[in-house]
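Work through the exercises below with the structure in view. Each task is followed by a solution in steps.

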Amino acid sequence: MGGALIGGGAAILGPLLLKRKERHQAVADNKQEQADDAMKALIDARMKTRLWLDYLVSTVAQAAAGVPIDRDAFEARAEKLGKDAVRACYRLEYFDEEIVSVRSYHLYYQVIGAMRNSAVVIKMSLATGAIAEGHVPNEVMDVLTQAEQTRTWFRLASAHLTTIRASHP
């Protein structure tokens, strides 16, 4: 009788423990998948803001070297790169638990704001001829520096995600 009771208990308890272990593994797998998706979104936002910033810097360098800049083409390209970057940054909202400070501080808003400000200042400087051969106004240099500095948030968030991913093998 005792053996049957133990055998019956094991027959019930065994599958329950296995099911519990499977649920825990599914949760861990889901967290890992979320961290992977967050990292992909972060890399995409980082890449697109880098493309935007590189274009702005390149335009300033060309204008300072005396290369004529088609302002309409500049605006169109800067706007397209900006929209792509903004869309990629807004996608980070889906990963507010995985990416530290996304919900709390919305630090990528600062990145977007600095980038937009850079584009506006460069556009105005090109329109007024302030960027001349061999001369770049301090204001232009300052906004480009600010844009680059705000982008350091991506590196910090990447490091945080790498830590999360390493803790959930």
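A pocket, as the word is used here, is an open set of grid points with protein on both sides within 12 Å along at least five of seven lines. The model is predicted.

**Exercise 1. Outline the chain.**
State how many helices and strands the chain has, and what share of its residues is buried.

Solution. 
- Step 1: The secondary structure amounts to six helices and zero strands.
- Step 2: Read from the N terminus, the order of elements is therefore α-α-α-α-α-α.
- Step 3: The chain has 169 residues, and 33% of them count as buried. Buried here means under 20% relative accessible area.

**Exercise 2. Describe the largest pocket.**
Give the volume of the largest pocket, then its lining and the elements that supply it.

Solution. 
- Step 1: The largest pocket holds about 220 Å³ of space.
- Step 2: Its lining consists of Trp52, Phe74, Glu75, Ala78, Glu79, Gly82, Lys83, Arg116, Ala119, Val120 and Lys123.
- Step 3: Two or more lining residues come from each of α2 (71–90) and α4 (107–128). The most come from α2, which gives six residues.
- Step 4: Sorted by kind, the lining has five nonpolar residues, one polar and five charged.

**Exercise 3. Examine α4.**
Compare the span of α4 with the expected span, and list the buried residues of α4.

Solution. 
- Step 1: With 22 residues, α4 reaches 32 Å from its first C-alpha to its last, close to the 32 Å expected at 1.5 Å a residue.
- Step 2: Buried in α4 are Tyr108, Val111, Ile112, Ala114, Met115, Ser118, Ala119, Val121, Ile122, Ser125 and Leu126.
- Step 3: After α4 comes glycine 129, with a positive phi near 75°.

**Exercise 4. Find the sides of α5.**
Which residues of α5 are buried, and which are exposed?

Solution. 
- Step 1: Helix α5 covers residues 138–150, 13 residues, and spans 18 Å from first C-alpha to last, close to the 18 Å expected.
- Step 2: Val140, Val143, Leu144, Ala147 and Thr150 are buried in α5. These residues cover an arc of only 130° around the axis, so they are on the same side of α5.
- Step 3: Asn138 and Asp142 are exposed on the other side of α5.
- Step 4: Glutamate 139 is also in helix α5, and is partly exposed at 49% relative accessible area.
- Step 5: Between glutamate 139 and isoleucine 122 there are 9.1 Å in space, C-alpha to C-alpha, and the two are 17 residues apart in sequence.

Conventions
Residues are numbered from 1 along each chain as its sequence is written. This is a predicted model: local features need pLDDT of at least 70, side-chain atom pairs count only at pLDDT 80 or more; totals for chains, interfaces and linings use all residues. Side-chain values use heavy atoms; hydrogens and water are left out. On a 1 Å grid over the protein atoms alone, a cavity is a set of points where a 1.4 Å probe fits but cannot get out, and a pocket is an open set with protein on both sides within 12 Å along at least five of seven lines; lining residues have an atom within 4 Å of a point. Grid points are joined across faces, edges and corners, and a volume is the space filled by probe spheres set on the points. Helices (H or I, at least four residues) and strands (E, at least two) are DSSP runs, numbered from the N terminus. Ala, Val, Leu, Ile, Met, Phe, Trp, Tyr, Cys and Pro count as nonpolar, Asp, Glu, Lys and Arg as charged, and the others, Gly among them, as polar. The expected span of a helix is 1.5 Å times one less than its number of residues. Buried means under 20% relative accessible area, exposed over 50%, partly exposed in between (1.4 Å probe, protein chains only). The arc is that of the directions from the helix axis to the C-beta atoms.
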